[in-house]
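Please walk through this structure with the model open alongside the text.

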Amino acid sequence: MACVAVTWARPESTYTDKWDNINVDEILESNRLLKGYVDRLLGKGRCTPDGKALKETLPDALEHECVKCTGKQKSGADKVIRHLVNKRPDLWKELAVKYDPDNIYQARYKDKIDAVKGSA
């Protein structure tokens with residue numbers, strides 16, 4: 001739920017760095033772009049191959065604490081989490097319902113989520 005636009009699967013030890021230079025700020029600053037990414041993650045509308053890869057990778061990244069993420073992906077994920085938690089809690093909740101229906105990751109990452117609240 002937190003790795004919007006920053007992680008895609010690769011059989012090696014890290015996710016591909018192909019998208020490490022995506023402008024996460026541009027996505028977060030545009031309601032249209034952000035909503036588009038979230039909608040694709042939620043299975044609404046058509047998904048690009050990149051979006052499909054993100055949807056497939058996100059559960060692994062959540063389960064394994066983003067250990068396969070590159071440094072830029074981790075930084076981007078932190079930025080996305082901070083933005084969603086503080087400025088778009090509606091989207092954060094929608095993603096949580098889809099990717100964390102049993103509150104496993106919300107509980108696991110509670111300290112990290114609490115730490116970013118109010119630090120937009």
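**Charged pairs and the core**

Helix H7 holds both Lys110 and Asp114, which sit four residues apart, about one turn of the helix. Salt bridges with shared partners link Lys110, Asp114 and Lys117 into one network. The side chains of Lys110 and Asp114 themselves meet in a salt bridge, with N to O at 2.5 Å. Lys110 is partly exposed at 45% relative accessibility, and Asp114 is partly exposed at 33%. The model is a predicted one.

Over the whole structure, a search finds eight salt bridges. One of them pairs the side chains of Lys44 and Glu94, at 3.2 Å from N to O. Because Lys44 lies in the loop between H2 and H3 while Glu94 belongs to helix H5, this pair ties together parts 50 residues apart in sequence. Lys44 has a relative accessible area of 39% and is partly exposed; Glu94, at 27%, is also partly exposed.

Another salt bridge joins the side chains of Arg88 and Asp90, at 3.0 Å from N to O. Is Arg88 buried or exposed? With a relative accessible area of 18%, Arg88 is buried, since the cut-off for buried is under 20%. Asp90 is partly exposed, at 38%.

Helix H4 covers residues 71-87. At 1.5 Å a residue, its 17 residues should span 24 Å, and the end C-alpha atoms are 24 Å apart, so the two values agree. The buried residues of H4 are Gln73, Gly76, Ala77, Val80, Ile81, His83, Leu84 and Val85. Among the elements that cover them are helices H1 (24-29), H2 (31-41), H5 (89-99) and H7 (110-116).

Gln73 is a polar residue of interest in helix H4. Its relative accessibility is 1%, so Gln73 counts as buried. A polar atom of the Gln73 side chain lies 2.8 Å from the backbone oxygen of Thr16.

The largest nonpolar core has 22 residues, and those with the most contacts inside it are Leu34, Leu84 and Leu95. At least two residues of this core come from each of H1, H2, helix H3 (49-63), H4, H5 and H7.

How many disulfides does a search of the whole structure find? The search finds one, and this disulfide joins Cys66 to Cys69, with S to S at 1.8 Å. The angle about the S-S bond is -80°, and the link of Cys66 and Cys69 is left-handed. Cys66 is buried, with a relative accessible area of 10%, and Cys69 counts as buried at 6%.

Notes. Residues numbered from 1 in each chain as written. Predicted model: local features only at pLDDT ≥ 70, side-chain atom pairs only at ≥ 80, totals over all residues. Heavy atoms only, no water. Expected span 1.5 Å × (residues − 1). Buried < 20%, exposed > 50% of the residue type's maximum accessible area, 1.4 Å probe, protein only. Contact = heavy atoms within 4.5 Å. Disulfide = S-S within 2.5 Å. Core = buried A, V, L, I, M, F, W, Y, C linked by side-chain atoms within 4.5 Å. Polar contact = N/O pair within 3.5 Å; in protein donor to acceptor, adjacent residues only side chain to side chain. Salt bridge = Lys/Arg side-chain N within 4 Å of Asp/Glu carboxyl O.
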